[in-house]
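Here are my notes on the model, as numbered points. Please read them beside the coordinates.

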Amino acid sequence: MSEYRITNRVREMRFFAHEMTQQELAERVGVTRQTIMAIEKGKYSPSLEVAFKIAQVFNQPLDALFQYQCEIDR
Amino acid sequence: MELTFKEKSAWISFICTIGIFGYYFVELMALSGSDTGQTRTAALWLLGKILIMSVVVESVFHGMLAVANPSGAQMNGDERDRHIEQKANQYGYYVLSTGVIIVIGRMVVLEVFPGFDEARSSLAIPMLTMHMLMFSFVLSELTRFGAQILMHRWGE
């Protein structure tokens, strides 16, 4: 059975955006800070709309922030 | 530990449900033992009191929460909150439908074997069938709010 996983570089992007806070990013994207935290920890995969909004905040293409991997075959 | 508006709301509903319906079932057990017209009337009064209390207490606490956190109230949750709510509703639905199936089974048994009627039940709770449905509903609500709280904490 294959296991799919979406990874992201949101934390890293915040760091390079002058340590933008989770709260600031959340406000710009229109979600709660807890949702940004869950996305960074890989516990929640955002909708395409939110993913595009996050990419827009950092002025990056979507695939620079989110990666989709088929990890394990078991 | 910082909680979102929706998480605080789930905590309020969870605690209110435990408190109010806990009191209800304790009072109801005090009425059990004899299923007479008098206990039925007392059970109906208790039910009315509890329903009013439930609406008032939840409204007051949710109103206080909205006043304390106006931006959260205005936003009314984001997509993750809605995702959590949907999953929690699904768990609550399983509990409620299980309860309903049990009550339907019991009603069928009573229809086929009238000897097992409520008057001869060892519980002798006034309006037992209604209370079994009520208990299923309360349990499903607790499952729903509990699942919301857990999924918020575990970072669903």
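1. Leu133(B) sits in helix H5 (residues 128-154) of chain B. Helices here are DSSP runs of H or I, at least four residues, numbered from the N terminus. Leu133(B) is partly exposed, at 36% relative accessible area; that class lies between buried (under 20%) and exposed (over 50%), with a 1.4 Å probe and protein chains only.

2. This is a predicted model: local features need pLDDT of at least 70, side-chain atom pairs need 80 or more, and totals for chains, interfaces and linings use all residues. Residues count from 1 along each chain as written, chains are lettered from A and ligands numbered from 1 in written order, and side-chain values use heavy atoms, without hydrogens and water.

3. Leu133(B) belongs to a nonpolar surface patch with Val100(B), Ile104(B), Val108(B), Val109(B), Val112(B), Phe113(B) and Phe116(B), about 700 Å² of accessible area together. Patch members have over 30% relative accessible area and no salt bridge, with nonpolar side chains joined within 5 Å. Areas are Shrake-Rupley values. Helix H4 (residues 79-112) of chain B gives the largest share, five residues.

4. At the interface, 12 residues of chain A contact 12 of chain B (heavy atoms within 4.5 Å). The two chains bury about 1,000 Å², 49% of it on carbon and sulfur atoms; this is the accessible area lost on being put together, summed over both.

5. Which side chains meet in a salt bridge? Arg33(A) and Glu2(B) do, at 3.2 Å, N to O (Lys or Arg side-chain nitrogen within 4 Å of an Asp or Glu carboxyl oxygen). Helix H3 (residues 33-40) of chain A supplies the largest share of the side of chain A touching chain B, four residues.

Conventions:
Patch = residues over 30% accessible without salt bridge, like charges linked within 9 Å, V, L, I, M, F, W, Y side chains within 5 Å. Areas by Shrake-Rupley, 256 points an atom, 1.4 Å probe, with all protein chains shown as cover. Helix = DSSP H or I, 4+ residues; strand = E, 2+ residues; numbered from the N terminus. Buried area = accessible area lost by both parts, 1.4 Å probe.
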